[in-house]
Amino acid sequence: MILANAFCLFFFLGTGADPVVSAKSNHCLDAAKACNLNDNCKKLRSSYISICNREISPTERCNRRKCHKALRQFFDRVPSEYTYRMLFCSCQDQACAERRRQTILPSCSYEDKEKPNCLELRTLCRMDHLCRSRLADFHANCRASYRTLTSCPADNYQACLGSYAGMIGFDMTPNYVDSNPTGIVVSPWCNCRGSGNQEEECEKFLRDFTENPCLRNAIQAFGNGTDVNMSPKGPPMPATQAPRVEKIPSLPDDLSDSTSLGTSVITTCTSIQEQGLKANNSKELSMCFTELTTNISPGSKKVIRLNSGSSRARLSAALTVLPLLMLTLAL
């Protein structure tokens, strides 16, 4: 038994020559070798292979609970660039397809002595909050959509593949049903026998795996490398509008001897006063307060503060008399 386990570990780690690999390219073997070049991937993969291959007793082939936990850690903690290549690798022959099927050690993590009813398995999954959440994600991201080019919601292959991989390590663990290199069929370990009057519902649930065009297309596209051209098409994001900023009049860096500057500033800020706005700590009213109490004397760059009401009154009177004086001089 120890020798058999050692050989199995040797086979799955992809070290040395694979006795069943032909001269053709084996993408699943290449994926295993790539995983071995990454320390984290190699460590967690070796861990779940060791745990899932550890026989408890002659009647109990392994500890399924621990095997599932080790598989969840692998798929949750290892980047998808490694896990997806192992799980969804494309195959041209049966040897490659069998390696792909054996990725999750199905004899422990997937298969059982008997197949339970799929609705009973679904009920068992829904009793665990995490399994229930993962199953809901799968139905949301892999449901067949006939309004899209890829048959996936929003043409998002990655979301479907991620939801599929997310169910591995639970009671609803799916896997390839055989070693057919061309016909991709995946399913949980269940059937619809004994469904009674719920047989139609059970068959519909099972077809979400076995006859799902979105999932099948997503797996094939990843294996063929054509999924890179299918970018997710989410709902258009609303354009973010910049907050409206009131234009604040400011004094120029170089103060000229033009008298029009003082008049324009006073006119701009007087309109605020005429609207009955009370002074506050806003930048706009603070700026206007400064501008209303500042005047620039003609012919100089000296800034004069008009701090009293009498000064403002004299300025207003001067501006009123000025046109009359100019008219008198013209006559």
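**Close-up 1. Surroundings of Thr 173 in the predicted model.** Leaving aside neighbours within four places in sequence, Thr 173 is in contact (heavy atoms within 4.5 Å) with His 68, Ile 104, Ser 109, Tyr 110, Met 167, Ile 168, Ser 187, Pro 188 and Trp 189. Thr 173 lies in the loop between α10 (157-166) and β1 (174-176), and because its relative accessibility is 2%, Thr 173 counts as buried, a word that stands for under 20% relative accessible area with a 1.4 Å probe and protein chains only. This is a predicted model, in which local features need pLDDT of at least 70 and side-chain atom pairs count only at pLDDT 80 or more, while totals for chains, interfaces and linings use all residues. Residues are numbered from 1 along each chain as its sequence is written, and side-chain values use heavy atoms, with hydrogens and water left out.

**Close-up 2. An aromatic cluster.** Ring pairs, which here are rings of Phe, Tyr and Trp (its six-membered ring) with centres within 6.5 Å, link Tyr 84, Phe 88, Tyr 164 and Phe 222 into a cluster. The ring centres of Tyr 84 and Phe 88 are 5.5 Å apart and their planes stand at 70 degrees, so this pair is edge-to-face, a label for planes over 60 degrees apart. Tyr 84 is buried, with a relative accessible area of 10%, and Phe 88 also counts as buried, at 1% relative accessibility.

**Close-up 3. Arginines over rings.** The charged end of Arg 72 sits over the ring of Phe 170, 5.1 Å from its centre, where "over" requires CZ of Arg within 6 Å of the ring centre and within 35 degrees of the ring normal. Arg 122 lies over the face of Phe 205, at 5.4 Å from the ring centre.

Terms used. Helix = DSSP H or I, 4+ residues; strand = E, 2+ residues; numbered from the N terminus. Buried < 20%, exposed > 50% of the residue type's maximum accessible area, 1.4 Å probe, protein only. Phe/Tyr/Trp six-rings, centres within 6.5 Å; stacked < 30°, edge-to-face > 60°.
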